Amino acid sequence: MRVDTGQVFKLEDYRPSEFLIPETKLTFNLHPTKTLVQAELTIRTRSGQPPNAALVLDGDELELRSLAINGKVLDAASYTATPDRLTINELPQADTFTLVIETEIAPEHNKALSGLYRSSGNYTTQCEAEGFRRITYFLDRPDVLSVYTVRLEADSKETPLLLSNGNLVERGPVESGALDSGRHYAVWHDPFPKPSYLFALVGGDLGSIKDSFTTVSGREVELGIYVEHGKEERAAYAMDALKRSMRWDEEVFGREYDLDVFNIVAVSDFNMGAMENKGLNIFNDKYVLADEATATDADYAGIEAVIAHEYFHNWTGNRITCRDWFQLCLKEGLTVFRDHEFSADQRSRAVKRIAEVRGLRAQQFPEDQGPLAHPVRPRRYREINNFYTSTVYEKGSEVVRMIRTILGAEDFRRSMDLYFERHDGDAATIEDFLRVFEEVSGRDLSQFALWYHQAGTPSVQVAMRHDADKREVTLHLEQALAPTPTESRKRLMHIPLQFGLVGQDGRDIAAKPAGDGVEGDVIHLRKRHQTIRFTDVSERPVLSINRGFSAPIMLAMEQTAEDRIFLARHDSDLFARWQALTTLYTQALTQAYRTIRGGGTPEFEPALLALVGDTAGNEALEPAYRALALSLPGEGDIAREIGQTIDPDAILQARNALVLAIGSANADGFAAIYDEMAASGPFSPDAANAGRRSLRNVLLDYLSAPAGDVKRAASQYESATNMTDRAAALAVLAHRQSGSPEAVAALADFESRFRAEPLVIDKWFQIQATVPGTATVDTVRELMRHSGFSIDNPNRVRSLVGTFAAANQTAFHAADGSGYKLFADAVLEVERRNPQVAARIATSFRSWRSLEPGRQDKARQALVAISQHKDLSSDLRDIVERTLA
């Protein structure tokens with residue numbers, strides 16, 4: 001485990017490596033505790049001249065066995081080897097030489113799940129960001145690209161499957177004299193230069209499903225997905241998603257796959273969702289395995305999105321990689337944008353967009369407004385593992401989306417074509433990326449580039465005035481960006497805002513802008529204060545702005561409740577229509593919160609309750625959309641709106657009061673729609689059927705809000721024929737009727753049915769971890785002793801401990817501090833094994849300063865207790881110290 005050295009890496013300090021490694025040959029003699037690794041590296045100086053400095057290679061907990069240059073074993077005096085670094089002082093006086101390094105590692109003991117590790121009997125690698133240095137000494141940085149040839153040797157019975165990047169060259173038994181040694185080998189070659197973080201190998205005993213794909217140019221690609229034996233059928237949807245991804249990338253981005261084989265391996269112990277290693281993607285099995293009995297519709301959608309994301313990395317991440325880790329968003333944000341577009345085309349564009357924005361506001365907005373805020377392209381870091389964040393991924397995607405909004409679809413596609421052509425085989429930067437858009441479009445994007453360089457979420461205030469006599473509409477816009485921990489002074493942003501002026505018939509008015517600042521249906525806000533005028537507008541319109549969430553901002557608009565209700569009923573932009581209703585919810589909830597804090601009983605406007613009922617029954621809207629329209633803002637969303645001195649208990653009371661009011665006012669209509677949405681045929685994970693289930697389960701929650709009303713939820717649980725309906729009913733029972741005989745019986749039944757299915761038991765953990773109330777602290781503590789929970793497995797940790805902290809506002813923020821104490825102890829326990837996972841779940845403390853003073857003090861005490869723990873890893877110390885700063 002790496003402990004914190006205090007070193008800060010800065011973008012301005014970047015220098016190209018003096019050495020290159022154009023070719024890497026690796027030999028692995030796989031063994032659980034004594035894996036031998038031989039790395040034969042072709043070293044070349046960048047200058048083409050003999051080296052004038054020592055060669056320094058990265059390592060991490062390595063044991064060096066031997067070292068040779070050009071076939072000559074080095075004298076110990078000519079180099080210095082530590083577990084974390086290899087420095088060779090005496091080098092040949094030539095621009096190219098061969099270095100052979102032999103190391104020994106123990107995969108069985110690697111609980112950090114970084115580098116080469118062994119779990120469930122299988123060898124697996126995870127090398128992003130800096131895991132390759134745990135395998136052999138290397139220039140472990142993204143801008144050192146090498147062509148890899150890999151030979152794997154292992155026991156043929158224990159490890160019959162041997163996979164690595166690229167194409168298979170040869171395989172066979174390892175002979176010992178005239179006898180078969182009982183071992184076998186496989187040689188893989190990847191002809192495309194890649195950085196070390198994309199290296200992968202898998203060795204084990206797994207089942208598989210096979211298929212093929214014919215590329216646009218007619219090449220046949222062999223496809224394989226490898227899973228635990230007996231679970232092969234559950235990989236069918238993943239295979240289908242892969243083939244759809246491959247075809248979509250050809251059609252939409254013109255990208256054809258380039259190897260003869262594409263393999264995916266699903267493993268149960270994995271720090272991330274998946275990894276895009278060239279030709280050998282390694283996945284958390286959560287994003288591969290699915291059938292109707294064990295996976296929800298959300299699981300199916302997640303599999304589709306993650307399969308696509310990792311496949312799309314083949315070009316945006318692999319063929320074109322990032323020059324350094326400061327450019328991480330260049331591959332991640334761009335690829336998230338691509339997988340979002342894929343899912344929008346496969347499902348419902350409006351529904352997908354709303355889901356994206358809900359996630360962005362729940363995860364990235366708090367990150368942007370708290371102590372962990374950083375730009376989409378950070379300028380400095382202490383631990384790169386801690387910058388795999390929502391800001392880099394989701395906000396990075398939003399920045400790419402804004403570029404398309406500014407340029408238009410045609411220039412955006414032409415720019416992307418130029419990017420792929422110009423930088424294929426390159427380690428690129430954000431400047432390289434933006435330059436192609438400027439060249440193709442002729443636009444100056446220097447002000448827009450601030451989206452990459454400044455942290456924080458801009459706020460925009462908008463006011464509209466209509467002058468009937470002049471037949472003129474005037475918009476006044478003002479932008480602001482609050483200081484963030486490392487940036488006190490902010491520069492003005494270029495914010496593209498899609499808009500419409502909606503007439504009383506529900507149609508957009510074709511108004512004429514007077515002056516600059518408007519192109520088509522986009523306002524380009526570039527100044528602090530900006531005024532836009534439209535002429536020839538006889539009737540007063542209703543302003544619909546930031547349509548499609550064209551910019552990731554916080555919008556404050558002078559608008560009446562009547563205007564918002566009008567937009568919620570009539571806006572042609574479905575996102576803006578949803579946003580209008582969500583804003584009404586938010587205003588009602590914040591007012592109810594203040595009423596409860598003042599000792600009163602909240603009341604809600606009948607017009608809002610009627611609007612919700614009408615939306616639920618509007619058959620012109622697809623069921624999935626209606627389900628999202630009926631979903632209230634989460635407790636974290638409400639807390640963010642309130643801002644400071646937050647009382648989580650009052651937020652929960654306000655939200656429950658609105659749920660009860662909506663459900664009671666629309667009980668008969670909701671019940672009829674609930675019955676109408678019942679399945680009438682066999683299960684299908686397609687978007688239409690998933691949407692019907694989603695609407696039905698949202699309505700189930702409303703219908704179950706009255707105290708003691710458990711019959712419908714209990715009945716759905718017992719009769720459910722798929723995991724979506726079963727898990728939804730269980731959640732309603734556990735959350736709405738916690739402790740009731742029906743809830744207790746359903747929880748016990750679920751555990752009994754699925755105790756042999758870890759991914760399903762994760763849902764059981766999650767449901768219980770999110771039951772509101774302080775009693776859940778003891779529940780989580782007890783569940784950590786459950787036989788299905790393992791502190792070594794990231795999925796188990798995230799499902800129980802991570803969910804508790806991130807998604808249970810009342811229990812995690814228990815006024816007596818018990819939630820913080822439980823969580824802090826768990827974080828330290830996880831850190832002993834897996835610092836990356838510990839650091840990621842510890843980000844749940846990021847909003848502690850917004851709480852009321854008593855809770856603030858308890859949260860601070862927990863953070864300080866973690867920070868004072870001896871020998872904290874660099875991962876966790878970085879998060880805790882930034883959170884406390």
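This briefing describes selected backbone, strand and salt-bridge features of the structure above. The structure is a predicted model. By the rule applied here, the count comes to 71 salt bridges. One network of salt bridges links Glu-341, Asp-345, Arg-349, Arg-353, Glu-356, Glu-398, Arg-401 and Arg-404.

**Backbone geometry**

- Most residues other than glycine have a negative phi, and most peptide bonds are trans.
- Between Glu-128 and Ala-129 the peptide bond is cis, and its omega is near 5°. Ala-129 belongs to the loop between strand E11 (122-126) and strand E12 (146-155).
- Leu-113, a residue other than glycine, has a positive phi, near 60°. The loop that holds Leu-113 runs between strand E9 (96-105) and strand E10 (115-119). Leu-113 counts as buried because its relative accessibility is 4%, under the 20% cut-off.
- Thr-645 also has a positive phi, in this case near 50°. Its position is in the loop between helix H13 (635-642) and helix H14 (648-665). With a relative accessible area of 39%, Thr-645 is partly exposed.

**Strand E16 and its partners**

- Strand E16 covers residues 201-204. Leu-201 and Gly-203 point one way from this strand, Val-202 and Gly-204 point the other way, and all are buried.
- Strands E11 and E16 run antiparallel and are joined by two bridges. Tyr-123 has Gly-203 as its bridge partner in E16.
- Strand E13 (residues 161-164) and E16 likewise run antiparallel, and four bridges join them. For Ser-164, the bridge partner in E16 is Leu-201.

- Side chains of opposite charge can pair when their charged atoms come close.
- Arg-404 and Glu-341 form a salt bridge through their side chains, with 2.8 Å from N to O. This pair links distant parts of the chain, as Arg-404 lies in helix H5 (residues 390-407) and Glu-341 in helix H3 (residues 328-346), 63 residues apart.
- Arg-404 is partly exposed, at a relative accessible area of 23%, whereas Glu-341 counts as buried, at 7% relative accessibility.
- Both Arg-404 and Glu-341 belong to the network of salt bridges named in the opening paragraph.

- The side chains of Glu-881 and Arg-877 meet in a salt bridge with an N to O distance of 3.2 Å. Both residues lie in helix H27 (residues 874-884), and they are four residues apart, about one turn of the helix.
- Glu-881 has a relative accessible area of 33% and is partly exposed. Arg-877, at 18% relative accessibility, counts as buried.
- Arg-882 and Asp-878 also meet in a salt bridge through their side chains, at 3.3 Å from N to O. Arg-882 and Asp-878 are separated by about one helical turn because they are four residues apart in helix H27.
- Arg-882 is buried, with a relative accessible area of 19%, and Asp-878 counts as buried at 2% relative accessibility.

Key:
Residues numbered from 1 in each chain as written. Predicted model: local features only at pLDDT ≥ 70, side-chain atom pairs only at ≥ 80, totals over all residues. Heavy atoms only, no water. Buried < 20%, exposed > 50% of the residue type's maximum accessible area, 1.4 Å probe, protein only. Pairing = 2+ DSSP bridges. Salt bridge = Lys/Arg side-chain N within 4 Å of Asp/Glu carboxyl O.
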